[in-house]
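Work through each solution with the sequence and the model at hand.

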Amino acid sequence: MIAVSDRLEHVHSDIRGPLYEEALRMEAGGTNVLKLNTGNPGRFGFKLPNSVRQALALHIDEAVPYCDVRGMADARNVICTYHIGRGLQGIMPGDVFICNGVSEAASMIMDALIGTGDEVLLPSPCYSLWSNNTYLSGGKAVFYRCDPNNNWNPDIDDIKSKVTPRTKALLVINPNNPTGAVYSHETLVEIADIARKNKLVLLADEIYDRLVMDGLRHESLGAIAPDVPCVTFNGLSKSHIICGFRCGWMVFSGPKGELDEVRNGVMKLASMRLCGNALTQLVIPAALVDSESTREMLVPGGRLFEQRKATCEGLDKIDGASYIQNKAAFYLFPALDKNKFDFENAEDFALKFLHESHVLVIPGNGFDWNEDLRFRIVMLPEPAVLSKAMDDLKYFLSKHRR
Ligand SMILES: Cc1ncc(COP(=O)(O)O)c(C=O)c1O
């Protein structure tokens with residue numbers, strides 16, 4: 001047998017991992033499985049906004065040739081304007097790199113920024129894109145704790161205690177996956193301060209910034225830390241239901257010149273893949289001015305709002321389940337009281353739930369969270385489907401009480 005590269009040793013993608021494979025096997029055997037594993041709205045009947053459809057139809061011929069390795073000029077201009085509107089200072093279209101999703105942007109930045117042995121501070125729980133790219137770049141993932149008892153805000157003292165001379169970057173996912181948290185202004189200020197004092201690069205994954213509910217306002221980390229080197233990530237996969245298009249970008253901000261070498265590194269990597277998918281870039285100008293199609297999902301009567309309500313009402317009926325209601329996106333990261341149920345751990349729970357109730361959720365360890373028994377629910381199906389899934393969970397748990 002040929003050995004796999006050692007760089008893959010710690011890489012894990014549980015959202016599409018062994019439990020998912022098991023769900024597919026069950027489906028192949030004729031069992032219907034409700035798959036609440038991926039944040040992929042188009043799979044659950046969310047419709048492509050007209051703004052996106054029209055932009056694609058109108059401009060399709062412009063996507064025929066390779067485009068600029070950093071992305072099409074019109075799209076980069078609009079992205080730049082968007083982030084200036086969100087408070088990033090001193091940025092220009094040349095600071096924007098359009099990529100095949102935030103996923104590709106994450107891979108490029110980590111390859112360009114993180115050398116062998118460099119440490120990256122990552123949140124726990126963590127969306128594994130970031131830990132995986134840390135491992136692949138030869139870096140060391142160091143997890144800081146987000147606190148369920150403080151609305152899932154990062155634990156500032158924990159971050160401070162984990163900074164070492166090898167720490168190079170600090171990642172903040174806000175709004176967060178898997179918790180759905182939106183961080184407080186005070187937390188962001190303190191994070192910026194840690195980066196400033198320790199000369200860290202801030203990485204701000206803000207892909208859910210347009211999916212904030214309950215009248216809350218999302219603040220861009222780069223806007224709070226204009227004097228700190230920062231790379232902000234965003235994209236249209238979720239806000240405009242185009243996960244499959246692969247449309248994301250990164251923006252460099254902070255003191256002039258500080259990130260020039262890294263940016264040149266990204267340029268080299270971007271050149272290697274010639275250009276990002278040009279078709280997706282055609283829709284960026286129209287999508288970024290179409291905030292209405294996103295907004296209507298988030299208010300009472302809108303799908304994301306009502307789906308959250310249905311899920312939370314279902315969970316409220318379960319003794320031994322608790323959760324912090326998400327303020328953004330469509331994820332919930334509930335806990336089960338270990339003392340009340342007979343599961344060995346979160347993985348054991350999720351496998352049994354899949355086998356017995358035919359619902360797929362991802363256990364907390366898939367997000368590098370091992371503190372208690374948690375799992376992530378993706379609240380994308382219609383409210384009635386989610387209500388039934390929570391009833392199924394209640395029934396399932398009644399059979400596993402100690
Ligand atoms: C926090 C976070 N960052 C990045 C991504 C990747 O998004 P993209 O489709 O732009 O690659 C996701 C996808 O779920 C995500 O949740």
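**Exercise 1.** Determine how many residue pairs are in polar contact across the interface of domain 1 and domain 2.

*Solution.* The model is predicted, so local features need pLDDT of at least 70, side-chain atom pairs count only at pLDDT 80 or more, and totals for chains, interfaces and linings use all residues. Residues are numbered from 1 along each chain as its sequence is written, and side-chain values use heavy atoms, without hydrogens and water. A polar contact is a pair of N or O atoms within 3.5 Å; within protein, one must be able to donate a hydrogen and the other to accept it, and residues adjacent in sequence count only if both atoms are side-chain atoms.

**Exercise 2.** Count the salt bridges between domain 1 and domain 2.

*Solution.* The criterion is a side-chain nitrogen of Lys or Arg within 4 Å of a carboxyl oxygen of Asp or Glu. The count between the two domains is 2. In the model, the side chains of Arg 145 and Glu 371 form a salt bridge, at 2.6 Å from N to O.

**Exercise 3.** State the extent of domain 1 and domain 2 and the area buried between them.

*Solution.* An automatic or database assignment gives domain 1 as 6-47 + 296-398 and domain 2 as 50-290. Their C-alpha centres lie 26 Å apart. Buried area is the accessible area (1.4 Å probe) that two parts lose on being put together, summed over both. Here it is about 3,000 Å², with 62% on carbon and sulfur atoms. Leu 298, Ile 324 and Lys 327 supply 20% of the area that domain 1 buries against domain 2, more than any other three residues.
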